[in-house]
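Subject: A structure for you to explore

Hi,

Here is the structure I promised to hand over. Please open it next to this email, and then read on for what was found in it.

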Amino acid sequence: MATFLYKLGRLAFRRRHFVALLWVALLTLAGVGAASAPAAGPSSFSIPGTEAQKAFDLLEERFPGMNADGGTARVVFKAPEGEKMADAANKAVVEKAVKELGDGSEVASVSDPFTTNAVSKDGTVAYASVTYKVPGMELTDSSKEALEATAHKAQDAGLTVEMGGDALQAEPETAVTGEIIGLALAAVVLVVTLGSLVAAGLPLLTAIIGVGIGVATITALANALDLGDTTSTLALMIGLAVGIDYALFIVSRYRTELAEGREREEAVGRAVGTAGSAVVFAGLTVVIALAGLAVVSVPMLTKMGLAAAGTVVIAVLIALTMVPALLGYAGRKVRPAGEKGKLLGRGKAKDSTKDSTNDSAPESAKDSAVVKPNMGTRWASFVVRRPVAVLLFGVVGLGAIALPATQLELGLPDDGSQPTSTTQRRAYDLLSEGFGPGFNGPLMVAVDAKDSASPQEAATAVTDEIKGLKDVVTVTPATFNKAGDTAMITVIPNSKPSSTQTEDLVHAIRDAGAGVTADTDAKVLVTGATAMNIDFSQKLTDALIPYLALVVGLAFLLLIVIFRSILVPLKAALGFLLSVLAALGAVVAVFQWGWLAGLIGVEETGPIMSMMPIFMVGVVFGLAMDYEVFLVTRMREAYVHGENPNQAVVTGFKYSARVVAAAAAIMMAVFAGFIGSGESMIKMIGFGLAIAVLFDAFVVRMAIVPAVLALLGDKAWWLPKWLDRVLPNVDVEGEALRARDDAVSKNAAEDDEDRELVRT
């Protein structure tokens, strides 16, 4: 691996014009494809294999006129203080509004609250339901404006009017300002780490090109592959973070090779051969984690994972080819490690060879610079002297932060989780006030009586069973389709959609339906948004263990190949579990309990998004293994070259700690930029990933890992002999390059001896 990448790096350095043009051409091609592709429609959300999805599909098939995919809106009216909705003036305002709502070309139907009994018992709240012919995200601006104009007219007439429903959905806001701030912080970290604007600009430039290609490709394929906006946002988030980090590792190793006196082309080859090997395997772990989301069998998650994995692949390829090419263009503007320009106030490094006639002076100066310990060396030396104390502090600290995760409540966001400043949330609250909290999450019961001898009796039996259940407020009479073989029943629970009582009711209806099926041969299925959310959460929970087994298992095997050890990969996996649990605990504390919520703009707390645990497991595992590979490969390299275990830990930190810390800070800055998003899901993902990187990089990898390695000593690198013979030698440490150097040096020495013999 190291030899191949060494040759690739040198080739890209020499053929820099071709490599740069190739990537620019790919970016242009992807951009043209994105610009010319048809606009993507709304991304469909389906959960194959669940009862809620089966019921939804059944109703769509048996009730073709109900337009199950059509957008909906609820216009909620509240009478002024001391008045009723049935008062003549108020009733006239509502009837006028209903008439205007039905005038739109995309409107399928509008219900009059006074004819559909949609007035609260106390007579103060009423609502009109609007159904559209097209999905909510496909509504034209004119339809949305007409809806809002009608509401404003009713408000001007003295009523309180709020609106809810998916017809009000808008394109998710992107945290543009936050992303810019994140990139600016990343740039500052790069300048401090690499010492010059040119060196710092290379990782930013290559990451932006890679993300541009990835996101443009997703945009071009969005309509054909039914990709949602969240897909490109995730690809942008992950692609920027890993793109900057991978390029940073290559550039940093290049500067180290220059400091050792190598020519620039040779230094590029060495950097790609060694750090590039770590980039390849780190990228593989991220790809495995993201692509592994396919095992959940939720199309939306699968597409998100595969799209983000593709962007990571592009980031790896750019780091291995375009970064060396740009280093060729940069020339001497990228300085050796330890030599910084005027930007940081040091000026050019002094060339001691020009100021001294003593041949040993430069060497002694170099030696003194080498032995001077940096912060990474001092920290690692402390850890290997006090491994037990550091290990206990790290494990206990993260364990305490993880405690809130034991109270994790899962759900999907609805209008009740919106900020109180939105009309959707105010409409939700008005409906809860007038009709009860369960009114915002009605359950739809489908009765498939095609095989039943008496469909009417089957539907009546289902209705009677549901009425006898706890926590039921209203059960509407069964509505049959034209064929008379399928009935639809609406159930209003007594509790809000996200409550455990509503979840218990869904299970109770399904249990009661099993008895009806046995008696009448009619199948009873429960669906609706609330049931969909419950089934989705359950599906994700059931998939978590198989997903962990697949992803951690594959990565464990990969790390065994990289480190040629059993205990090091095991330690890496256990450390990851600790950091992801701590990150989940922090997410629960902020987004569910409301701790420090005001600091990051969380206006409404509630259940954690259902996909958050499995999503964090996938992404954080991949990123955690990045730091593991970059940090521990340097330790492995030192150990293989003869250092004792503790000294190898110190050496690994000496060369890698600064860069890994910078990479983690960059990732945190990029992820934190998404906390400013107006969409709660993106905000939660950005916070969760940023805090997870903080815990994993600075606590697990920087403290717990060296402490464990110090305690294990030589045992850390133990591998059964039979397994050592079976495993392929991928040579991440660049041993083949060192052997090649030794051979070249030996041949040169023999040539010198031969020439000396010829002279004598």
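In which loop does Asn117 lie? Asn117 sits in the loop between strand 2 (107-110) and strand 3 (125-132). Helices (H or I, at least four residues) and strands (E, at least two) are DSSP runs, numbered from the N terminus.

Before going further, please keep in mind that this is a predicted model, in which local features need pLDDT of at least 70 and side-chain atom pairs count only at pLDDT 80 or more, while totals for chains, interfaces and linings use all residues. Residues are numbered from 1 along each chain as its sequence is written, and side-chain values use heavy atoms, with hydrogens and water left out.

Asn117 counts as exposed because its relative accessible area is 68%. The words for this are buried (under 20% relative accessible area), exposed (over 50%) and partly exposed (in between), using a 1.4 Å probe and protein chains only. Asn117 and Tyr127 are 10 residues apart in sequence, and their C-alpha atoms are 9.5 Å apart in space. Asp521 also has a positive phi in a residue other than glycine, near 65°. You will find Asp521 in the loop between helix 17 and strand 10.

**The whole chain**

The chain has 24 helices and 11 strands. Of its 760 residues, 52% are buried. Among contacts (heavy atoms within 4.5 Å) with a separation of 6 or more, 79% are between residues 24 or more positions apart. The accessible surface comes to about 33,600 Å², and 59% of that belongs to carbon and sulfur atoms. Such areas come from the Shrake-Rupley method with a 1.4 Å probe; for residues, only the protein chains shown count as cover.

**The inside**

Which residues touch the most other members of the largest nonpolar core? They are Tyr246, Val445, Phe576 and Phe671, in a core of 189 residues. A nonpolar core is a set of buried Ala, Val, Leu, Ile, Met, Phe, Trp, Tyr and Cys residues joined through side-chain atoms within 4.5 Å. Leaving out residues up to four places away in sequence, Phe671 touches Met237, Ile238, Ala241, Leu623, Gly686, Leu689, Ala690 and Val693. There is also a second, separate core of 24 residues, which includes Met85, Val94, Val107 and Met163.

**Helix 3**

Helix 3 (residues 51-62) is worth a look. Its 12 residues reach 16 Å from the first C-alpha to the last, close to the 16 Å expected at 1.5 Å a residue; the expected span is 1.5 Å times one less than the number of residues. Ala52, Gln53, Ala55, Leu58, Leu59 and Arg62 are the buried residues of helix 3. They pack against strand 6 (443-448), strand 9 (486-493), helix 17 (500-520), strand 10 (523-527) and helix 18 (529-563).

**Salt bridges**

The structure holds 20 salt bridges, each a side-chain nitrogen of Lys or Arg within 4 Å of a carboxyl oxygen of Asp or Glu. One of them joins Arg62 and Glu61, with the closest N and O atoms 3.9 Å apart. Arg62 counts as buried because its relative accessible area is 14%, whereas Glu61 is exposed, at 57%.

Another salt bridge joins the side chains of Glu433 and Lys78 (3.0 Å, N to O). Glu433 lies in helix 15 (residues 423-435) and Lys78 in strand 1 (residues 72-78), so this pair ties together parts that are 355 residues apart in sequence. Glu433 is partly exposed, at 48% relative accessibility, and Lys78 is partly exposed at 23%.

Glu260 and Arg262 form a salt bridge too, their closest N and O atoms being 2.8 Å apart. Salt bridges that share partners also join Arg10, Arg14, Glu265, Glu266 and Arg270 into one network.

**A patch on the surface**

Finally, Phe18, Leu22, Leu26 and Leu29 make a nonpolar surface patch of about 410 Å². Patches are made of residues with over 30% relative accessible area and no salt bridge: like charges are joined within 9 Å, and nonpolar side chains (Val, Leu, Ile, Met, Phe, Trp, Tyr) within 5 Å. Leu26 lies in helix 2 (residues 16-36) and is partly exposed, with a relative accessible area of 35%.

Enjoy exploring!
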